[in-house]
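Please open the structure in a viewer and keep the selection tool at hand.

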Amino acid sequence: MTWRERILDTGEDRDAWLGSRSSIIGASDAAGYVKPESVDKYVLAKLRAAHSTFTGNRYTESGHFWEPYMLAWSMTPENKALIHSPGKSWAAATPDGIRELSDGSIRLAECKAKHGRVVTGPDPKEWRQMAWQLHAVPEASGVEFIWAEIISDSLREGSPQHIFVPRDHPKIIAARDLILPIAAQVHARLIIAQQAMEEFTP
């Protein structure tokens, strides 16, 4: 199956997209997986997120504002689709962008607005997020990590910046090896918890 054939949700309806994410492990979930002994905590966080009324803050709003600019700057089409990994419908990701190259390969894009900070690339959580995206979309040769440094609500001179992260990057491999077994445990316990909640819901 191609990545287009593995789309769980197109993302055109935000509520439907959130519903599709409730029983799967997404890249933003996996990005937080660091300790195997914290599986129960990660399951609880996922359950709470499904019932959260959080609609964003000034940082998420700023990210939504700058993301189209960064994608246009990198000439990468926006992506809203939730795409699952081959053979694992519970492991999915929504890369910010997907760019098809002339040789038939694709590159994912991950955009970040950095507020009041000057950085040189991804932080550990972002490495884990990209590793999960590449797990969900193995057709991709890598991820274009794009960031914009926002100082006093203005784009810092020299921004945006980007680096290309190939799928065989040592940090990607290390992140994948860390999060995959944790994610599998989280998903298994999540399904059990959700089924139990359904049985006891009037």
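The stops that follow cover the nonpolar core, the salt bridges and a charged surface patch. The model is a predicted one.

**First stop: the nonpolar core**

Select Ile 25, Tyr 33, Trp 132, Val 137 and Val 186. These are the residues with the most contacts inside the largest nonpolar core, which comprises 38 residues. To see where the core is drawn from, display helix H2 (27-30), helix H3 (39-50), strand E3 (88-93), E5, H5, strand E6 (140-151) and helix H6 (170-199), each of which supplies at least two residues. Which element gives the most to this core? It is H6, with eight residues. In soluble globular proteins, nonpolar side chains tend to be buried together.

Next, select Lys 114 and Glu 126. The two form a salt bridge in which the closest N and O atoms are 2.6 Å apart. The pair links distant parts of the chain, with Lys 114 in strand E5 (residues 106-115) and Glu 126 in helix H5 (residues 124-136), 12 residues apart. Are these two residues buried or exposed? Both Lys 114 and Glu 126 are buried.

Move to Glu 110 and Lys 112, whose side chains meet in a salt bridge with an N to O distance of 3.2 Å. Glu 110 has a relative accessible area of 3%, and it therefore counts as buried.

Now select Arg 176 and Asp 177, where the side chains meet in a salt bridge at 3.6 Å, N to O. Arg 176 is partly exposed because its relative accessible area is 31%. Asp 177 is likewise partly exposed, at 48%.

A search of the whole structure finds 10 salt bridges.

**Last stop: a negative patch**

Finally, show the surface and select Glu 12, Asp 13, Asp 15 and Glu 78. These residues gather there in a patch of negative charge. Centre the view on Glu 12, which lies in the loop between strand E1 (7-9) and helix H1 (14-21). Why does Glu 12 count as exposed? Its relative accessibility is 63%, and the term applies to values over 50%.

Conventions:
Residues are numbered from 1 along each chain as its sequence is written. This is a predicted model: local features need pLDDT of at least 70, side-chain atom pairs count only at pLDDT 80 or more; totals for chains, interfaces and linings use all residues. Side-chain values use heavy atoms; hydrogens and water are left out. Patches are made of residues with over 30% relative accessible area and no salt bridge: like charges are joined within 9 Å, nonpolar side chains (Val, Leu, Ile, Met, Phe, Trp, Tyr) within 5 Å. Accessible areas come from the Shrake-Rupley method with a 1.4 Å probe; for residues, only the protein chains shown count as cover. A salt bridge is a side-chain nitrogen of Lys or Arg within 4 Å of a carboxyl oxygen of Asp or Glu. Lys and Arg count as positive and Asp and Glu as negative; His and the chain ends are not counted. The place of a charge is taken as NZ of Lys, CZ of Arg, CG of Asp or CD of Glu. Helices (H or I, at least four residues) and strands (E, at least two) are DSSP runs, numbered from the N terminus. Buried means under 20% relative accessible area, exposed over 50%, partly exposed in between (1.4 Å probe, protein chains only). A nonpolar core is a set of buried Ala, Val, Leu, Ile, Met, Phe, Trp, Tyr and Cys residues joined through side-chain atoms within 4.5 Å.
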